[in-house]
Amino acid sequence: QVQLVESGGGLVQAGGSLRLSCAASGIIFSIYVMGWYRQAPGKQRELVAISTSGGIVDYADSAKGRFTISRDNAKNTVYLQMNSLKPEDTAVYYCNALYRRANIKYEYWGQGTQVTVSS
C-alpha cells in the first residue's frame, strides 16, 4: 500500500518560514519524480516544485528564489523549505509521486497539509 504523508504545515506570519515534509512508503522512492503542489480556495491545483530521480529540480515562477525542494532517498522523504512566505502562498499543499516510462504510469498523492500565511 502506497502512502504519502505530509507534515509541517501551519499558520505563519508573512515573511516567515515553514518546512514541509512528505514521507513515502510502498514505492521505490528513488525512481520517482517527487513534487509539491498547492491548491488555494476556489483555484486549481498548481505545481510548486519538483525533484526528479536524476537530481533535477524545478520551480513555479511564484516559488523561485523563496522555496527549495530537496529529497532524502535514504529516508524516502521529500521536503519543501518555504521562506519569505506571502499571504498568497496560503493553500493546501500536496505531495505527489510520479513514475512514468513508456505506457506505464504510477501516480500518488498525499492527503495535503494546510499552510496559512497571515498578513
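Modeller: Let us start with burial, where a residue is called buried if its relative accessible area is under 20%; please keep in mind that this is a predicted model.

Colleague: Why is Asn96 called buried?

Modeller: Asn96 has a relative accessible area of 3%, and because the limit for buried is under 20%, the label follows. Asn96 belongs to strand S9, which covers residues 91–101, and, leaving out residues up to four places away in sequence, it touches Leu4, Val33, Met34, Gly35, Tyr37, Glu107, Tyr108 and Trp109.

Colleague: What makes the pairing of the Asn96 and Glu107 side chains a polar contact?

Modeller: The distance given for the two side chains is 3.0 Å, and since a polar contact requires N or O atoms within 3.5 Å, one able to donate a hydrogen and the other to accept it, the pair qualifies.

Colleague: How do you know that Cys22 and Cys95 form a disulfide?

Modeller: Their sulfur atoms are 2.1 Å apart, and because the criterion is a pair of cysteine sulfur atoms within 2.5 Å, the pair meets it; by this rule the count comes to one disulfide. The bond links distant parts of the chain, with Cys22 in strand S3 (residues 18–25) and Cys95 in strand S9, 73 residues apart.

Colleague: Why is that disulfide described as left-handed?

Modeller: The torsion about the S-S bond of Cys22 and Cys95 is about -80 degrees, so the disulfide is left-handed. Cys22 is also buried, at 0% relative accessible area, and Cys95 counts as buried at 0% relative accessibility.

Colleague: What makes Thr77 buried?

Modeller: Its relative accessibility is 9%, and because buried means under 20%, Thr77 falls in that class. Thr77 lies in strand S8, residues 77–82, where a polar atom of its side chain is 2.8 Å from the backbone oxygen of Lys75. Apart from neighbours within four places in sequence, the contacts of Thr77 include Cys22, Phe29 and Asp72.

Key: Residues are numbered from 1 along each chain as its sequence is written. This is a predicted model: local features need pLDDT of at least 70, side-chain atom pairs count only at pLDDT 80 or more; totals for chains, interfaces and linings use all residues. Side-chain values use heavy atoms; hydrogens and water are left out. Helices (H or I, at least four residues) and strands (E, at least two) are DSSP runs, numbered from the N terminus. Buried means under 20% relative accessible area, exposed over 50%, partly exposed in between (1.4 Å probe, protein chains only). Contact means heavy atoms within 4.5 Å.
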